[in-house]
Amino acid sequence: MTPNPSSATARSYLPMSPLDLGDLAPNTEVLVAPVHLAGPGTREAVFSVLDNAVGWTKTVAFGTDAYYASPCQRVRIANPVESAYGGWTITYSEDPLGVPDWITTFDRNTPREIVVAFTKTLVDSLPNHFRDYFSDGKHYTGLGQEDVLRQSNWEPVHGSGPYWIVSPDSRAALRTRSGWLDEYTELLTPEKSMWRLSGGVDPVHVPTWRAFFSSSTPQHLRTAAATALTSPDAVPRFAGDIPERHRDLVHVRLAEPVAAVPRAQAALARRPYAVHAPAPGAEAATSPASAAAHGRSRRQR
């Protein structure tokens, strides 16, 4: 089953002038839409949410892997860089330190905006045990993730099994698993989770990124992820971090008015040693911080 492209494929999310990414150095800051094709971005925004969460503890292992625990010890968040998924795994246990009641996994290529929306909503709603998002709570909207997607003109794929709903440009999809599955199997195997959000040229069969939500993942958290996914706002990225397969599908504009570099110089800059060996006569345009962030993202692709 392959979603049928919609006439909305060419929809412009923001007024953006045509921009040839090949003319830009990889470290050029750009704004990209839609978010589901923009690439993962850096992890710093997610770290910022958790590092600033009151009472949360952080442990770093092997110099790269980060682990967080909530003050109530019910939530565990892991960012093991070299794991199978390499992104963020979030678990919740009603009994502190007990067997998880639900698990959510964002792989290493999931756009950071989706992870941030889920994580920030979790951090904000945990202190009163999510009560503000129950039917009588001040933040209750009654909307589930599919409601949010349908409001953005996502449409179901008829005759498919499992159930799929796809974005107007057919480059993002939500799969809902059918049938009963033992909860422990779902916890141990993210691919068998009740819901899977994905994006890419073929988000159903060969997605660029995937996010998995087990059946007990709270509705307001899944809704937060869906809201970030459907936002029309362009998101910041480095030009070189937009996945190659997505470059003809995204709308891009410069984040700041800077001059485009010649194509030959841009090609040279894409080489691994570009930051240390700029083109003859050209001054290196990358700061150490930007180069480090860019390097991390390229390894993630």
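This is a short tour of the model, one selection at a time.

Before you start, note that the model is predicted: local features need pLDDT of at least 70 and side-chain atom pairs count only at pLDDT 80 or more, while totals for chains, interfaces and linings use all residues. Residues are numbered from 1 along each chain as its sequence is written, and side-chain values use heavy atoms, with hydrogens and water left out.

**The sheet.** Begin with the strands (DSSP runs of E, at least two residues; helices are runs of H or I, at least four, and both are numbered from the N terminus). Ten of them form an open sheet in the order β2-β3-β4-β5-β6-β11-β10-β9-β8-β7, with antiparallel pairing; strands pair if DSSP finds at least two bridges between them. Colour β2 (57–61) and β7 (155–156) to see the edges: each has a single partner strand, so one side of each is left without a neighbour in the sheet. Next, select β4 (residues 75–79) and β5 (residues 88–92), which are joined by four bridges. Arginine 76 has threonine 91 as its bridge partner in β5.

**Helices on the sheet.** Now show α1 (residues 44–51), which packs on the sheet and touches β2, β3 (65–69), β4 and β5. Contact here means heavy atoms within 4.5 Å. Move on to α5, which lies across β6 (102–106), β10 (195–199) and β11 (209–213) and runs at about 160° to β11. Angles run from 0 to 180 degrees between N-to-C directions, and axes are lines fitted to C-alpha atoms, for helices over the stretch in contact.

**The core.** Which residues have the most contacts inside the largest nonpolar core? Select Trp56, Ile77, Trp88 and Phe106, out of 52 residues in that core. Such a core is a set of buried Ala, Val, Leu, Ile, Met, Phe, Trp, Tyr and Cys residues joined through side-chain atoms within 4.5 Å, where buried means under 20% relative accessible area (1.4 Å probe, protein chains only). Zoom in on tryptophan 88: leaving aside neighbours within four places in sequence, its contacts include Phe47, Tyr68, Ile77 and Val115.

**Backbone stops.** Finish in the loops. Serine 170, between β8 (163–166) and β9 (172–176), has a positive phi near 65° and is buried, with a relative accessible area of 5%.

Technical notes. Buried < 20%, exposed > 50% of the residue type's maximum accessible area, 1.4 Å probe, protein only.
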